[in-house]
Amino acid sequence: MCYFEQTLWSCGYWKWGNFRQQCNKEYRTGETCGLKLVYETSFIPSPCKICEQISKKDRRVRKMREDIARWQREGNRMATIEKTQHDIDGVEHQIQDLWRGHQEKQRSIC
């Protein structure tokens, strides 16, 4: 039951920080017993880096969709539209992967 700092963002994402205090079960200097307890939690009011990455990718997808709509109005850009739609699919897949990892971390204990 060794104690560690914890960082908690406004979105609910968290991470373990530095080692703070050794428990009495572990007698070796510099070693931990393996059970992590929170010594102190630092609240950060801004979103985490994963949320920032997701919002950047959302803005990128929104821009690409606007470009596709403009190109469809202008006409004669089918190859560009197909390529951009393929790019949108790839970015949306990345967004889903980021959200999945973010939600797993929010639900996990350790």
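Okay, let's start with one term: a residue is called buried when its relative accessible area is under 20%. Keep that in mind, and remember that what we're looking at is a predicted model.

So, Asp67. Its relative accessible area is 12%, which means it's buried. Asp67 also makes a salt bridge with Arg70, and the closest N and O atoms there are 3.1 Å apart. The two sit 3 residues apart in helix 1, so about one helical turn separates them. Arg70, at 32%, is partly exposed.

How many salt bridges does the count come to? It's 8. Another one is in helix 2, where Asp87 and Lys83 lie 4 residues apart, about one turn of the helix. Their closest N and O atoms are 2.9 Å apart. Lys83 counts as exposed, at 53%, while Asp87 is partly exposed, at 24%.

Now look at Arg20 and Glu40, whose side chains meet at 3.7 Å, N to O. Arg20 is in strand 2 and Glu40 in strand 3, so this pair ties together parts that are 20 residues apart in sequence.

Last stop, the largest nonpolar core. It has 15 residues, and Cys48, Ile50 and Val61 touch the most other members. Helix 1 and helix 2 are the elements giving two or more residues to this core, with helix 1 providing the largest share, 7 residues. Who does Ile50 contact, leaving aside neighbours within four places in sequence? That would be Tyr13, Leu98 and His102.

Note on methods: Residues numbered from 1 in each chain as written. Predicted model: local features only at pLDDT ≥ 70, side-chain atom pairs only at ≥ 80, totals over all residues. Heavy atoms only, no water. Core = buried A, V, L, I, M, F, W, Y, C linked by side-chain atoms within 4.5 Å. Buried < 20%, exposed > 50% of the residue type's maximum accessible area, 1.4 Å probe, protein only. Contact = heavy atoms within 4.5 Å. Salt bridge = Lys/Arg side-chain N within 4 Å of Asp/Glu carboxyl O.
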